[in-house]
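Good morning, and thank you for making time for this item.

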Amino acid sequence: MSTGSGADSAPAPTSTHESKTGGTFSSLKIRNYRLFATGAVISNTGTWMSRITQDWLVLSLTGSAAAVGITTALQFLPMLLFGLYGGVIADRLPKRRLLLISQAALGLCGIALAVLTLSGVVQVWHVYLIAFLLGMVTVVDNPARQSFVSEMVGPAQLRNAVSLNSANFQSARLVGPAVAGVLITTVGSGWAFMLNGLSFIAPLVGLLMMRTSELHASVTVKRAKGQLREGLRYVSGRPELIWPIVLVGFVGTFGFNFPIWLTAFADEIYHGGAGMYSFFNILMAAGSLAGALLAARRRSSRLRMLVAAGTLFGALEIAASLSPSVWLFSLLLVPIGMIGLTTNISANTSVQMASDPEMRGRVMSLYMMVFAGGTPVGAPIVGWISDVYGARTGMAAGGAISMVAALGVGFMLTRVGGLRLKVDLRPGRPHVRFVPREQLATAA
């Protein structure tokens, strides 16, 4: 769950939490966010269990890897097609109330798939349909979650909370697949789906237990014509929003195709099979978790951090693609996961903090649409390059595009912001830095 606003919440009183902005886990001092995070770690674990089990079920029903790809595409497709409308809905309705509905719907989808599987009547079209329904619910759930975080913690703790959300998700990514593997082999796929459905009880209880009087002031937008176009105009007219979203779009579309690359490197390059593929994923998840925890310690979010992280992320991918040995490749996966998460968190936080509250749902829906919705576009392109020219070339191409995009965005931000490069050789001072002239002085 993320940032947003809700009409059923009153302005929050000044809290001692706001003055204590330091520390990796400082957001957890806030009761409402603590409830939120506890529910999220349980439901995130269930979600990762379900993802692995769903792929295994489709493969066992069809014997086709293409069918697994179709299932994944159906979950992403609604975000690509309807993501902006989800942001309009998130801006119109109280976020907490909207999340109660969306989280319940996600749980019901999991239970429905569990019943079909346990009864022995499940067919692949059932899985396709439920995957699409999950995607449709996510269209609304994502911007509502993204924007609800600021209501719980306020601007002073927003970066820390966004980072802890990512750490939460990556922790579940380490645990969920392992639990799914045990359940599939012992009691069957149906019970893994059932536990996923029931796991959404935790965030529902957390939302219901929140003290609405402690939520920060929220803004909801009345229904009116042209709100979607208004959101697009709002973003396009603000370089501190449009350029981070552009960068995230390139990185998400071309740089985050690790299922394609890690499978190919494990099987074709290093001949290690499924065990090596799992090992690669664990290293990526560990790096991502470390990146999220390090980001939680930083007290500010600057666009120069985003540009630097995006550039380094691309360079690391290129280096990994050229790795002559499996051990060097494995070692590079940890910083790739760390810097990739830093890129995502920096963009997410920068965009949220630069958005007006009444526009935040639409802005974050565009952010998620570009980041997640680019997968169905980029994956086939990168997959084709990897098939025709080899996995090393495919990964190097993804890294190169990410790096060039980061450098291009950095160049545009310096031009738009009226920045200039300052070199200072005196001891104890930054030797090379950008000095703002007018716009973006605080962001860059």
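Let me begin with contacts along the chain. Among those joining residues at least 6 apart in sequence, 83% link residues at least 24 apart. Please bear in mind that this is a predicted model. The chain holds 16 helices and 2 strands, and of its 444 residues, 52% count as buried.

I turn now to helix packing. Two packed helices are described by the angle between their axes and the distance between the axes. For helix H1 (residues 31-62) and helix H4 (residues 124-153), the axes come within 13 Å and cross at roughly 160°. Angles over 145 degrees count as roughly antiparallel, and H1 and H4 are therefore roughly antiparallel to each other. H1 passes H4 in a left-handed crossing. On the H1 side the contact is made by Asn32, Tyr33, Phe36, Gln54, Leu57, Val58, Leu61 and Thr62. H4 contributes Val124, Val127, Ala131, Phe148, Val149, Met152 and Val153.

The next pair is H3 and H6, whose axes come within 7 Å and cross at roughly 160°. That makes H3 roughly antiparallel to H6, and the crossing of H3 and H6 is left-handed. From H3, the residues that meet H6 include Gly107, Gly110, Ile111 and Ala114. Their counterparts in H6 include Ser189, Gly190, Trp191, Phe193 and Asn196.

Asn196, which lies in helix H6 (residues 189-199), deserves a separate word. Is Asn196 buried or exposed? Because its relative accessibility is 5%, Asn196 counts as buried. Leaving aside neighbours within four places in sequence, Asn196 is in contact with Ser43, Gly46, Thr47, Ser50 and Gly110.

Returning to Phe258, and not counting residues up to four places away in sequence, Phe258 touches Thr263, Met284, Phe313, Glu317, Ile336 and Met395.

Two further residues remain. Met369 is placed in helix H14 (residues 360-373) and counts as buried, at 16% relative accessibility. Not counting residues up to four places away in sequence, Met369 touches Met79, Leu80, Leu84 and Gly374. The C-alpha atoms of Met369 and Ile245 are separated by 9.8 Å, although the two residues are 124 residues apart along the chain.

His271 is exposed, with a relative accessible area of 65%. Its phi is near 55°, a positive value in a residue other than glycine.

Conventions:
Residues numbered from 1 in each chain as written. Predicted model: local features only at pLDDT ≥ 70, side-chain atom pairs only at ≥ 80, totals over all residues. Heavy atoms only, no water. Buried < 20%, exposed > 50% of the residue type's maximum accessible area, 1.4 Å probe, protein only. Helix = DSSP H or I, 4+ residues; strand = E, 2+ residues; numbered from the N terminus. Contact = heavy atoms within 4.5 Å. Axes fitted to C-alpha atoms, helices over the stretch in contact; angles between N-to-C directions. Parallel < 35°, antiparallel > 145°, perpendicular 65-115°, else oblique. Left-handed = near helix turned anticlockwise from the far one by under 90°.
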